[in-house]
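Take a look at the structure below.

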Amino acid sequence: MSSDRRDELAAGLAETERRIAAACAAAGRNRSEITLVAVTKTHPASDVDLLAELGVTDMGENRHPEAGDKAREVQHAVRWHFLGGLQTNKAGAVARYADVVHSVDRVKLVNALSRGAESAGRTLTCLVQVDFDATDPGRAGAVPDDIGTVADAIVAAPGLVLGGLMTVAPLGEDPAPHFEHLVRLSARLRETHPDAAIVSAGMSGDFEAAITAGATHLRIGRSILGERPSSG
Ligand SMILES: *Cc1c(COP(=O)(O)O)cnc(C)c1O
């Protein structure tokens with residue numbers, strides 16, 4: 001395995017951790033409140049193993065079957081986060097390897113994940129993906145008014161645990177108000193579901209704003225692993 005690639009990943013991770021530490025210091029937050037999910041989509045399983053050796057415990061993928069193939073190939077025990085738009089007919093397969101699904105946005109998908117988790121004898125943590133971009137109806141995510149319905153369905157579903165909320169900031173806009181909105185919605189959700197404390201927000205281009213707003217989980221790809229070969 002290439003030691004050059006190990007050095008590259010170590011440097012990307014160190015620079016990313018430096019930015020996380022600076023944003024935490026500026027916001028008066030503790031690094032230990034935040035989970036870094038390294039988004040390894042389009043990169044090989046060998047990168048996941050190198051990152052695990054560098055101390056990363058949580059990996060993110062956005063496509064099936066790429067994610068499942070990688071989960072089988074990887075040597076180290078890591079936690080797998082599924083981040084992508086998910087078709088109902090693939091939910092059962094994803095439930096076999098994912099630990100956390102960040103992209104739950106409709107009741108039909110909740111039911112499919114629940115059946116998959118049950119038949120695999122696994123427990124899946126589910127986040128409700130929230131969409132703030134009213135201009136593009138094609139985007140994944142539930143509108144804020146539907147969070148309660150999807151959250152209640154997760155709570156009622158065997159094999160699933162409600163973990164909290166996730167968003168992807170709308171492209172080309174200041175992400176800060178959207179992350180702040182997500183944190184307010186999270187506070188409201190926790191009034192009825194106190195354990196659903198995960199706030200998944202922030203990618204390579206905007207994670208400082210997410211830390212400032214109160215995110216608990218950052219999903220970071222390019223800043224650690226470099227540019228992706230394709231559009232992934
Ligand atoms: C790809 C992806 C990320 C990571 O994006 P980077 O810009 O590479 O940090 C985060 N979240 C989701 C949902 C993604 O699909």
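A polar side-chain atom of Lys41 sits 2.7 Å from an oxygen atom of the ligand. This comes from a predicted model. For Arg222, the distance from a polar side-chain atom to a ligand oxygen is 2.8 Å. For Arg228, an N or O atom of the side chain lies 2.7 Å from an oxygen atom of the ligand. The table sets them out.

| Residue | Distance to a ligand oxygen atom |
|---|---|
| Lys41 | 2.7 Å |
| Arg222 | 2.8 Å |
| Arg228 | 2.7 Å |

On its own, the ligand has 390 Å² of accessible area, and the protein covers 91% of that.

Now consider the surroundings. The ligand has 13 residues around it. Those that come nearest are Lys41, Ser204, Gly221, Arg222 and Arg228. Sorted by class, the shell holds six nonpolar, three polar and four charged residues. Where does the ligand sit? The space it takes is the largest pocket.

Next come the cysteines. How many disulfides does the model have? The count is zero, where a disulfide needs a pair of cysteine sulfur atoms within 2.5 Å.

Is Cys24 buried or exposed? Cys24 has a relative accessible area of 3%, so it is buried. The cut-off for buried is under 20%. Cys126 has a relative accessibility of 0%, so this residue counts as buried too.

Definitions and conventions. Residues numbered from 1 in each chain as written. Predicted model: local features only at pLDDT ≥ 70, side-chain atom pairs only at ≥ 80, totals over all residues. Heavy atoms only, no water. Near = heavy atom within 4 Å. Polar contact = N/O pair within 3.5 Å; in protein donor to acceptor, adjacent residues only side chain to side chain. Areas by Shrake-Rupley, 256 points an atom, 1.4 Å probe, with all protein chains shown as cover. 1 Å grid on protein atoms, 1.4 Å probe; cavity = no way out; pocket = protein on both sides within 12 Å on 5 of 7 lines; lining within 4 Å. Sits in = over half its atoms within 2 Å of the grid points. Nonpolar A, V, L, I, M, F, W, Y, C, P; charged D, E, K, R; others polar. Buried < 20%, exposed > 50% of the residue type's maximum accessible area, 1.4 Å probe, protein only.
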